[in-house]
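Subject: Structure for you to look at

Hello,

Here is the structure I said I would pass on. Please open it first, then read my notes below.

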Amino acid sequence: MVERTAALPLRRGGFGRAVAAVVWKDLAAEFRSRELIGAMLVFALLVVLIFNFALELDIRTRSTVTAGVLWVTFAFAGTLGLNRSMASEKDRGCLDGLLLAPVDRSAIYFGKVVANLAFMLIVEAIVLPVYSLLYNAPLFVPGLLGVIFLGSLGYVGVGTLLASMAVQARTRDVLLPILLFPVILPVLLAAVKASEGFLQGLPTADILPWVNLLLVYDVVFLTVAWMVYDYVVEE
Amino acid sequence: MIDVRRLVKTFGWKPVLRGLDFHVEPGEFVALLGPNGAGKTTFLRILASLSRPSMGDVTVGGYRLPGQAAAVRRILGVVSHQPLLYGDLTAEENLRFFGRLYGVPRLELRLGEVLEMIGLSVRRRDLVRQYSRGMQQRLAIGRAVLHEPEIMLFDEPHTGLDQEASQMLDGVLRQVAARGRTVVMTSHDLLRSAELATRVDILSRGVIAASYPGTSLEPAALPALYREAIRG
């Protein structure tokens, strides 16, 4: 047999088209079933309520713990969403269907990241006003919203990669948080510190190092995921 | 069309495929039989570029695996015993999604043709989770042929289907083969395989233990030949 030396040329815009297709599919399936957002939202609101009643904080102490409670809530709810997002691919063999497509597999990763980020931002947009009301904390500070976006991007970027690894294991529900939280620690730390800085009205120079750490983390981990995703999902 | 030489696949220390040789000409319909654990699914997953070979040479449609995996995936259609479809999307939405992933030109026109071919035009807007197992399997075939692949891999496609749905699936399989596509199908059903395929291979202990031309096979003789091949 004569071996071909070059691959068939993919249509122009194949990568972007594949990312858009995965995002569209995840959003369409979720807005029909509401399984993932529903679970994340209920869980996040319960965590906020539990902290509210458990801590019984005075106004001064509240301002110092608000950022921490907020990020713990987002991180826990996010884990739930990441697990569900990949489990739904694995359960009916859909992950194989995706991997059989003749596209760069990192397109599948970025599609999942964008969809998971959208779900997380939707949940955060609902949790923030509730939190603001319960804790009497003004959370709609532009800088804080930027930090929430960067923190969520880093969280979802790493989380989607690790969820793709964990989903192959029988103990995936337990495995994901064990793998994720040690790796995500720099993001959570930087996000909490930067959020705290914006809420307490600290000078920009004091907050900037944390925001920079978030930016660097996001870029580094999205790049690493782009490079290794093909190996992560292959047997 | 498919050329496999000395293929070895191990999981940890456990060898599943032990130096397997396999060759398929264009337009052939090969049925791959074998007991559970013989390595049929593992072999198909390697051909589909879902799993990496541990050793050996694998060429599909002239492209080498795993190096030219994206090119192989472009000419390949895969149907598994799982439907590989999204239950919360309609049949049409599922096909549209995979069509976009594959970059199928004139997608809406092609969707109509495929839905017509698999007999699901009327129920194209129903959610897939409301479909029977047989309808899901027909849609799975529709998904696999959407980009007009040259080679089709079927991994136990009749699993879980009742008699009527199995016969319907046979009709679709014949249709797929009649269009000149190269087909490799794993199965446990000896008689059906002999009826559909142009060649029947028996995989046992990680190698092809026997190979028979489907047309020359006497269906009644196949069970004995099968038992003999797997005993070695």
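Two residues are in contact if their C-beta atoms, placed from the backbone, lie within 7 Å. By that rule, 29 residues of chain A are in contact with 31 residues of chain B. Helix H1 (14-33) and helix H4 (94-99) of chain A are the elements that give two or more residues to the side of chain A that touches chain B. H1(A) gives the most, with nine residues. By class, this side has 15 nonpolar, four polar and ten charged residues. Ala, Val, Leu, Ile, Met, Phe, Trp, Tyr, Cys and Pro count as nonpolar; Asp, Glu, Lys and Arg count as charged; the others, Gly among them, count as polar.

Some housekeeping. This is a predicted model: local features need pLDDT of at least 70, side-chain atom pairs count only at pLDDT 80 or more, and totals for chains, interfaces and linings use all residues. Residues are numbered from 1 along each chain as its sequence is written, while chains are lettered from A and ligands numbered from 1 in the order in which they are written. Helices (H or I, at least four residues) and strands (E, at least two) are DSSP runs, numbered from the N terminus.

Confidence

The model scores ipTM 0.88 and pTM 0.88. pLDDT is the predictor's confidence in each residue, from 0 to 100. Chain B has a mean pLDDT of 89, and 100% of its residues reach 70 or more. Chain A averages 87, with 93% of the residues at 70 or above. Among the elements of chain A, helix H3 (residues 59-91) has the lowest mean pLDDT (86) and helix H6 (residues 142-166) the highest (94). Watch residues 1-10 of chain A: pLDDT stays under 50 there. Where pLDDT is low, the predicted coordinates should not be read in detail.

Helix packing in chain A

Take helix H2 (residues 35-55) and helix H5 (residues 105-135) of chain A. They pack at an angle of about 25°, with their axes 10 Å apart. Axes are lines fitted to C-alpha atoms, for helices over the stretch in contact, and angles run from 0 to 180 degrees between N-to-C directions. That angle makes H2(A) roughly parallel to H5(A). Angles under 35 degrees count as roughly parallel, over 145 as roughly antiparallel, 65 to 115 as roughly perpendicular and the rest as oblique. H2(A) passes H5(A) in a right-handed crossing. A crossing is right-handed if the near helix is turned clockwise from the far one by less than a right angle, and left-handed if anticlockwise. The contact of H2(A) with H5(A) has 16 nonpolar, one polar and no charged residues.

H1(A) also packs on H5(A), at about 40° with the axes 8 Å apart. That makes H1(A) oblique to H5(A). This crossing is right-handed too. The residues in H1(A) that meet H5(A) include Phe15(A), Val19(A), Asp26(A) and Glu30(A). This contact divides into 13 nonpolar, one polar and three charged residues.

A residue is buried if 20 or more other C-beta atoms lie within 10 Å of its own, exposed if 12 or fewer, and partly exposed in between; C-beta atoms are placed from the backbone. Helix H1 (residues 40-47) of chain B has eight of its eight residues buried, so it is largely enclosed by the rest of the structure. Among them are Lys40(B) and Arg45(B). Ser49(B) follows H1(B) and has a positive phi, near 65°.

Asn36(B) sits in the loop between strand E3 (29-33) and H1 of chain B. Asn36(B) counts as exposed, with 7 C-beta neighbours inside 10 Å. Asn36(B) and His188(B) are 152 residues apart in sequence, yet 8.7 Å apart in space, C-alpha to C-alpha. His188(B) is in the loop between strand E8 (182-187) and helix H7 (190-196) of chain B. With 14 C-beta neighbours inside 10 Å, His188(B) is partly exposed.

Two backbone points to check. The peptide bond from Leu65(B) to Pro66(B) is cis, with omega near 5°. Glu156(B), in the loop between E7 and helix H6 (163-178) of chain B, has a positive phi near 45°.

Best wishes
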